[in-house]
Amino acid sequence: MKNGTLSTKLMLAAILLAVLVYFGINLAAYFMDPFTTTVAYDFTSENAVTVSGYVVREETVLEGSGGELVYFSRDEGEKVAKGGTVAQIYDSAEALSAANTLRSLNEQLEQLTYARSLVSGSQSTARLDEEVSSSLISFQSALASGSLSAAEDAGSSLRASVLKRSYAYSGTDELDAAIAALESQISSLSAATSSGTTRITAPEGGLFSSLVDGYETVLTPQALEEMTPKDYRSIQPEEASGVGRLISGYRWYFVTLMRESDLGKLAEGDTITLRFQTGLDRDLTMRVDRISDEDGGQRLVVFSSEQYLNLTTLLRHQNAQVIFDSYTGIRVPRSAVRILWEPVTDEDGDPVLKSDGTQEQRQVTGVYCVWGNTARFKPVDVVWQEDEYLLVVPSETALAGYTSESTREGRRLRAGDEVITAAADLYDGKVIRS
């Protein structure tokens, strides 16, 4: 037992010694190389809070009998005039399949007719080659961005371009025969599919959306005028039915609950930046339409905008950032920023004296940067502060105190500068590297 205890103590002593040696080596290395640096870089910091809310629009559900076989003749977010066809309902799967075939044949006929209208020759061929290349690039870009709807459109365009190009070197007789055959197929198929179809038309002008989610009559612009935090917490969708919806008007809304402490000085009529976390890859400039009375430490806030309505048709429940302020500057660690006292000189470089005959001094904030093998002080103004870093910009006021343009530019902090974050007895011009 005693031998076991002794060996345990010896092992612990060895571990402790190893730890002390490790820290001793690192401490010695620090004093041998008494400064550390980092690279300054451009950065944008935001004063923002994250909220969860609903997108609200003026919406009309386009009714159908339910369980239909539907073909949408409008793209998501496409403008539709009053009375315009937005969808067609078929009474059987066979009728829908025949209609899809007819649409495909009409598309092919359009492509062949276009190819026939081109005059054969090098100019026509070059034109088609350029069209195929452009369509291919668009298709690849759409796939890379992850947008399936855009990829579908680009793929259709690519198929059309390839088909047109395939007839570039063929004789017109072959092309005329293909067009005639298609026209015959279309004529016979049109007669067979003329019945068993119901058209859905727009009751008024607006934007078409194929999505019906049950919030169309629950979340309306009119409901937002009197909605309270209590009402918001009880929002529930109704049973969804219909073959699509029509979005009217120009203004849309985002309603959310915000903590009293997060509102700050936000007031009705203010303009603010909103950023959805999914579904819309751009910042929105929105107006604060309404802030409700406080309830349980929260207030209901209604934002509105006339931007990008056609891009929000599929959005409903969203997480978003409410961005109060945005600051852009050069990011440097807090430890790199220093405050110095510098003598004040006039335009000729002569010292400015106080009434008692001593030279006047000014307080200057700045950072030391590696300049060759020396340290150079560069004055900055702080535009934003975080716990670990500051955003700064070159201090034009302090730089104006230098008499020559070359000196001012040499003292101007830039992204990419090597900023000194720690050093002993640091001063301007100190040799820090041999």
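Ala, Val, Leu, Ile, Met, Phe, Trp, Tyr, Cys and Pro count here as nonpolar, Asp, Glu, Lys and Arg as charged, and the others, Gly among them, as polar. The model is predicted: local features need pLDDT of at least 70, side-chain atom pairs count only at pLDDT 80 or more, and totals for chains, interfaces and linings use all residues. Residues are numbered from 1 along each chain as its sequence is written, and side-chain values use heavy atoms, with hydrogens and water left out.

**View 1. Lining of the second largest pocket.** A pocket is an open set of points on a 1 Å grid over the protein atoms alone, where a 1.4 Å probe fits, with protein on both sides within 12 Å along at least five of seven lines; lining residues have an atom within 4 Å of a point. The lining includes K79, G205, I247, Y250, E306 and N310. It divides into four nonpolar, five polar and two charged residues.

**View 2. Strand β8 at the second largest pocket.** β8 gives the most to the lining, with four residues. Strands are DSSP runs (E, at least two residues), numbered from the N terminus.

**View 3. R57 in strand β2.** The strand spans residues 41-62. R57 is buried, with a relative accessible area of 1%; buried means under 20% (1.4 Å probe, protein chains only).

**View 4. The side chain of R57 and two backbone oxygens.** The side chain of R57 reaches the backbone oxygen of T312 at 2.5 Å. For the backbone oxygen of L315, the distance is 3.0 Å.

Terms used
Buried means under 20% relative accessible area, exposed over 50%, partly exposed in between (1.4 Å probe, protein chains only). A polar contact is a pair of N or O atoms within 3.5 Å; within protein, one must be able to donate a hydrogen and the other to accept it, and residues adjacent in sequence count only if both atoms are side-chain atoms.
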